[in-house]
Amino acid sequence: MGTVAQEAAIDLLKGEIPVEEDESLLLSGDVNTGLVLVDIVNGFCTVGAGNLAPVAPDRQISAMVDESVKLAEVFCEKKWPIYALRDSHHPDVPEPPHPPHCITGTDESELVPALQWLENEPNVTVRCKDCIDGFIGSIEKDGSNVFVNWVKANEIKTILVVGICADICVLDFVCSVLSARNRGFLSPLKDVIVYSPGCATFDLPVQIARNIKGALPHPRELMHHIGLYMAKGRGAKVVSHISFDTTTSET
């Protein structure tokens, strides 16, 4: 299928499953809001950093990192809570169908350089996870959940979610959080909001995937759209613009 035909097919599918985004989100100190950063680590975002890292500069991933940095800076200025998930795997525990990636103790599992300063911020909780779903990855051996405790300790009513990949780790986390909220496990959490410009995913065209054993095609534009569509279908809000009412900061 040629490029024009592919674009037409994607446009057709997007028309059949539209994502009607709320245009703007206004954040204020009146509602306790937490920022969740999903897997903005070298192994997924920094060129050449690993098996699942981009092989060349990637505009969508760079934009996602930039948007996430802007939000993190404002949240830290306001001393609002941040929960930063870092993909981090034991070398002897595979995560099929993916190749080894973000091995614990390597640069791959570290936050990207533009966000490493968060490690020392008092309002930031960093959680290393060893699975796709950051909610499941926040469960401790004793059965407690670090994310649940973070929500309750900060009395968070709204979480704002950004990161990579929109249709994989972000989506799985959002779906689990919504299910836990609906079951009453996350009181007082009410709203789960996905900021679309603050999310990204990868591109693996079908012609390349055919030559990689076990790989599935992953057309970026379509899968990014589907990730947002599925999140909204589960009960999340999807927004394309964020502003803050107590400062001039805006993204």
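Which residues have the most contacts inside the largest nonpolar core? In this predicted model, the answer is a set of six names: V36, F147, I159, L160, F173 and V174. The core to which they belong has 70 residues. As a general background, nonpolar side chains in soluble globular proteins tend to be buried together.

Leaving aside residues up to four places away in sequence, I159 touches G34, V36, F147, W150, F173, V177, L189, D191, V192 and I193. Among these partners, V36, F147 and F173 are themselves listed with the most contacts inside the core.

Rolling a probe the size of a water molecule over the atoms shows where empty space is left. The largest pocket has a volume of about 1000 Å³. Its lining is made up of 37 residues, and N51, L52, H98, F202 and L204 are the closest to the pocket centre. By residue class, the lining of the largest pocket comprises 24 nonpolar, 6 polar and 7 charged residues.

The second largest pocket has a volume of about 440 Å³. Here 18 residues form the lining, with Q6, I10, D203, P219 and R220 nearest the centre. Three helices, α1 (3-16), α6 (206-209) and α7 (220-234), each supply at least two residues of that lining. The most comes from α1, which gives 6 residues. In the lining of this second largest pocket, 10 residues are nonpolar, 4 are polar and 4 are charged.

Note on methods
Residues are numbered from 1 along each chain as its sequence is written. This is a predicted model: local features need pLDDT of at least 70, side-chain atom pairs count only at pLDDT 80 or more; totals for chains, interfaces and linings use all residues. Side-chain values use heavy atoms; hydrogens and water are left out. On a 1 Å grid over the protein atoms alone, a cavity is a set of points where a 1.4 Å probe fits but cannot get out, and a pocket is an open set with protein on both sides within 12 Å along at least five of seven lines; lining residues have an atom within 4 Å of a point. Grid points are joined across faces, edges and corners, and a volume is the space filled by probe spheres set on the points. Ala, Val, Leu, Ile, Met, Phe, Trp, Tyr, Cys and Pro count as nonpolar, Asp, Glu, Lys and Arg as charged, and the others, Gly among them, as polar. Helices (H or I, at least four residues) and strands (E, at least two) are DSSP runs, numbered from the N terminus. A nonpolar core is a set of buried Ala, Val, Leu, Ile, Met, Phe, Trp, Tyr and Cys residues joined through side-chain atoms within 4.5 Å. Buried means under 20% relative accessible area, exposed over 50%, partly exposed in between (1.4 Å probe, protein chains only). Contact means heavy atoms within 4.5 Å.
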